[in-house]
Amino acid sequence: MAVSAFDLFSVGIGPSSSHTVGPMRAALMFTEGLRDAGLLDRVARVRAQLFGSLGATGHGHGSDKAVLLGLEGERPEDVDTAAVPERVAAIRARGELALLGAHRIAFTEDDDLVLHRRRALPLHPNGMTFAAFDAAGAPLAERTYYSVGGGFVLDEDAAGGPVISADTTPVPYPFRSGADLLEHCRAHDLTIAQVMLANELVWRTEEQVRAGLLDIWRVMRECIEAGCERDGVLPGGLKVPRRAKALHAKLLAEDGTDDPLYVMDWVTLYALAVNEENASGGRVVTAPTNGAAGIIPAVLTYYTRFVSVATLDGVVDFLLTAAAIGVVLKETGSISGAEVGCQGEVGSACAMAAAGLTAVLGGTVAQVENAAEIGLEHHLGLTCDPVGGLVQIPCIERNAVGSTKAINASRMALRGDGTHVVHLDKVIKTMRQTGADMHTKYKETARGGLALNVIEC
């Protein structure tokens, strides 16, 4: 399939791309399917069931709320995040859903929205089924979907064969692996950003690509700004305090003259701000997931604020380069914490950010690939163990650390000549193998690792 930069960078709602954005999209797909089949007016009841990681941590990740909003016709990219709590409370209070905002049906949460904590579907840990019934209880339609990371939704069709809902348009420079990508660059004397842009042009004009990426950058900046303005505690019961606002005030009060790592504290701030917004269900950009949404904005803000040669053209090239690495990770590895652990989320985002930064700092194609490899290699084996099933501990701090790692990886690559023993494709293969070997309890179930030990304490 052809993956666009705008698939990897999409505006959504926190706290999770796989557990919030994906289920909302799946619920909307199901309801729109009922409408398109002429069945919507006959529906008297809809039953949604969430399995695997979705069932285990769905409440903490807002999956239940996302399903309700998706059935009512909401989209992750434009749902009013501030109105979500009131909307969901109203649905529960009146015991009624308005499918696509119009067709009203009865809704009983205990029966109609079931989260199976220890049952899984065969194809992916993030599975869900939707079924519609008429007034007599006869089934009208049933569909199975999988949320495979980054908000991507896989639809199991009526014949039982899985197909990913994505564009199959031919592109001039198709690639799945890092080797494919580098070969296009070498054969045609192109940068990674130029290869990615050429592929994007099958869907949009160059002006539209540039405007779209700069709009993504605008949402990232607004997310950082919002995170720096809010204090209090994050929702969910852990009473995790927001830290970005206080840190922002401290950094503004200092000039950093005597602190050689002052700039890195700003990078930490940017990541904390984004992920605190994500944890509170705010507007974020999946990059490539919500759980790792702070890394690319933090590193990109570092570039625009602290690198003297930064330009808007550089922002576009950064995002195109990062997206190209994201395509390779998506196609040959995984960006799903429920599938391979947090190495697939924070590790992937770190690799993408390191590549983007290296490109805009003048790195060669080989140095860009080297930076991505370093960023991912040093997240191998990282588990996904959210305490309480919430995208807060250790997720928020992991983004801050992943951001500084990305900058370090870029600097290491730029200090070399691009020659290295271990290449990106080998690290991605290792990530998949490690994820396959990793016990299920360490893959976004909140039943192992830090999630278990913090609760025990």
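1. Helices here are DSSP runs of H or I, at least four residues long, numbered from the N terminus. The model is predicted. With that in hand, look at helix H11, which spans residues 262-279. Tyrosine 262 and tryptophan 266 both lie in helix H11. They are four residues apart, about one turn of the helix.

2. How are the rings of tyrosine 262 and tryptophan 266 arranged? Their planes stand at 85° and their centres are 6.3 Å apart, so the pair is edge-to-face. Tyrosine 262 has 12% relative accessibility and counts as buried. Tryptophan 266 is buried too, with a relative accessible area of 2%.

3. Arginine 305 lies over the face of its ring, at 3.8 Å from the ring centre.

4. The count of aromatic pairs comes to five. One of them joins phenylalanine 130 and tyrosine 145. This pair is edge-to-face, with 5.9 Å from centre to centre and 70° between the planes. It links distant parts of the chain. Phenylalanine 130 sits in strand S6 (residues 127-133) and tyrosine 145 in strand S7 (residues 139-147), 15 residues apart.

5. Are phenylalanine 130 and tyrosine 145 buried or exposed? Phenylalanine 130 has 0% relative accessibility; the cut-off for buried is under 20%, so phenylalanine 130 counts as buried. Tyrosine 145 is buried as well, with a relative accessible area of 3%.

6. The charged end of lysine 330 is over phenylalanine 152, 4.4 Å from the ring's centre.

Terms used
Residues are numbered from 1 along each chain as its sequence is written. This is a predicted model: local features need pLDDT of at least 70, side-chain atom pairs count only at pLDDT 80 or more; totals for chains, interfaces and linings use all residues. Side-chain values use heavy atoms; hydrogens and water are left out. Rings of Phe, Tyr and Trp (its six-membered ring) pair if their centres lie within 6.5 Å; planes under 30 degrees apart count as stacked, over 60 as edge-to-face and the rest as tilted. Helices (H or I, at least four residues) and strands (E, at least two) are DSSP runs, numbered from the N terminus. Buried means under 20% relative accessible area, exposed over 50%, partly exposed in between (1.4 Å probe, protein chains only). A charge sits over a ring if NZ of Lys or CZ of Arg is within 6 Å of the ring centre and within 35 degrees of the ring normal.
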